[in-house]
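Dear colleague,

I am handing over the structure below, and I would be glad if you could look through it before reading my notes.

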Amino acid sequence: MSRSVSVVGGGVIGLSIAWRAARSGWSVRLYDPSIGSGASWAAGGMISPLSEGWPGEERALEVGSASLDRWPEFGKELEVGAGVELFTSDSSLTVALDGADAQDLRTIAEWVVAQGRDLQILSRTEVRELEPMLARGVRLGLLAVHEMAVDNRLLLHALRQCSVAAGVEYIPRAVQSLEELDADQIVVAAGTASPSLWPGLPVRPVKGEILRLRSRPGVTPAPGRTIRGSVHGRPVYLVPRADGIVVGATQYESGNDTQVTLAGVRDLIADAEALMPAVGEYELHEVSAGLRPMTPDNLPLIGRVSDRVVVATGHGRGGILLAPITADATMALLEGSAVVEAEAADVRRFEKASMPDISRKS
Ligand SMILES: Cc1cc2nc3c(=O)[nH]c(=O)nc-3n(C[C@H](O)[C@H](O)[C@H](O)COP(=O)(O)OP(=O)(O)OC[C@H]3O[C@@H](n4cnc5c(N)ncnc54)[C@H](O)[C@@H]3O)c2cc1C
């Protein structure tokens, strides 16, 4: 008889785990009242662990790079399984608009290269040759040739299709307590709601607003790759899509509020224009907001918290990036082993998290 697992939460993390578990022969139930409606729906879709590197953040670089390495195969399997094209960009370019930003880019490049990863500094002229639609004031660029981006909504669609094909059973309701579930194993992957299912998990919501722009006839072409930058200290990015550009994202600590504010939209438009002046030609198609499940050290929480319960949450700003390694690490935990590259995400680093025992009643 196959072993059973209940996955609570159907965002990119829960869906990836459910898909992999079903393919490995587990009998899988996935609980979610509204699959794919959380942060995973709002996201930009960047897979950018190198451009976000910073000296001292070796553990984040290690986990992120290990997941980046897994993305081509993970994405390809989903593309073939669902018959869609997930990848919308195969590299990313971070640009500096002032001297301080240029110095930061040199610091990142030096450190990431010293960690054995590839990042290239581009001159102002090289940046303009690569992406002529960018602002003339750009001083320097940082090119990550293997940092791709995906359409996050197509990703959710593909994960769902492939999960169904692999035999995952969807239960469209919220789980109030893990004690309701009688599977052999349980995976908590409920994003910002995870602490309500396993009290003490150090996960808090961090709101992010994001714009979706659609192309119109005659507009200046979108960049050929993800463009990242910083304007008045606010990070901003443009991620290409088949039909336009995604512009993100604000960042606020405001509890579970997901309303889009005028100030947030104003800043995103102004900052996007500072990177690409012609962005105003595009249709403003959608504004939305999501809640990033953040942890105190910005690394996810992946680990076993009891004989029956594994948690996979707290992916903060990087849940799309980290889906492949999280699926591998969670499968390893379910099957009694471990993935070395995910050790930095071990939930036990926060020993204060209370660990209620819900050992199997039978
Ligand atoms: C604006 C924005 C931009 C982002 N851009 C990027 C990016 O470019 N690259 C990147 O890597 N990451 C990005 N992120 C982060 C990324 O979106 C998240 O880290 C990721 O989506 C988290 O996935 P998740 O599955 O853990 O959570 P979610 O997607 O939030 O899914 C959690 C699911 O759990 C369900 N749920 C909740 N409670 C229960 C319950 N009691 N029972 C059953 N189900 C329940 C919810 O309905 C939901 O579907 C961005 C986030 C935001 C907000």
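What follows describes the model and its confidence, then the chain and its domains, and lastly the surroundings of the ligand.

Please keep in mind that this is a predicted model, in which local features need pLDDT of at least 70 and side-chain atom pairs count only at pLDDT 80 or more, while totals for chains, interfaces and linings use all residues. Residues are numbered from 1 along each chain as its sequence is written.

The mean pLDDT of the chain (pLDDT being the predictor's confidence in each residue, from 0 to 100) is 95, and 97% of its residues reach 70 or more. Over residues 357-362, however, the pLDDT is below 50, and this stretch has 10 contacts in the model beyond near neighbours in sequence; two residues count as in contact if their C-beta atoms, placed from the backbone, lie within 7 Å. Where pLDDT is low, the predicted coordinates should not be read in detail.

The chain has 9 helices and 16 strands, taken as DSSP runs (H or I of at least four residues for helices, E of at least two for strands) and numbered from the N terminus. Its radius of gyration, taken over C-alpha atoms, is 20 Å, close to the 21 Å that the globule rule (2.2 Å times the number of residues to the power 0.38) gives for 362 residues, so the chain is as compact as a globular protein of that length. Buried residues, those with 20 or more other C-beta atoms (placed from the backbone) within 10 Å of their own, make up 51% of the 362 residues.

An automatic or database domain assignment divides the chain into domain 1 (4-42 + 152-200 + 296-349), domain 2 (92-145) and domain 3 (204-294). The C-alpha centres of domain 1 and domain 3 lie 27 Å apart, and 13 residues of domain 1 are in contact with 10 residues of domain 3. On the domain 1 side of this contact, H2 gives the most, with 3 residues.

Around the ligand there are 43 residues, of which Gly-11, Gly-38, Gly-191, Gly-208 and Gly-319 come nearest; a residue is near if its C-beta atom, placed from the backbone, lies within 6 Å. Helix H1 (12-23), helix H2 (39-42), strand S10 (204-214), strand S14 (283-294) and helix H9 (319-334) each supply at least two residues of this shell, and domain 1 and domain 3 each supply at least three.

With best regards

Note on methods: A residue is buried if 20 or more other C-beta atoms lie within 10 Å of its own, exposed if 12 or fewer, and partly exposed in between; C-beta atoms are placed from the backbone.
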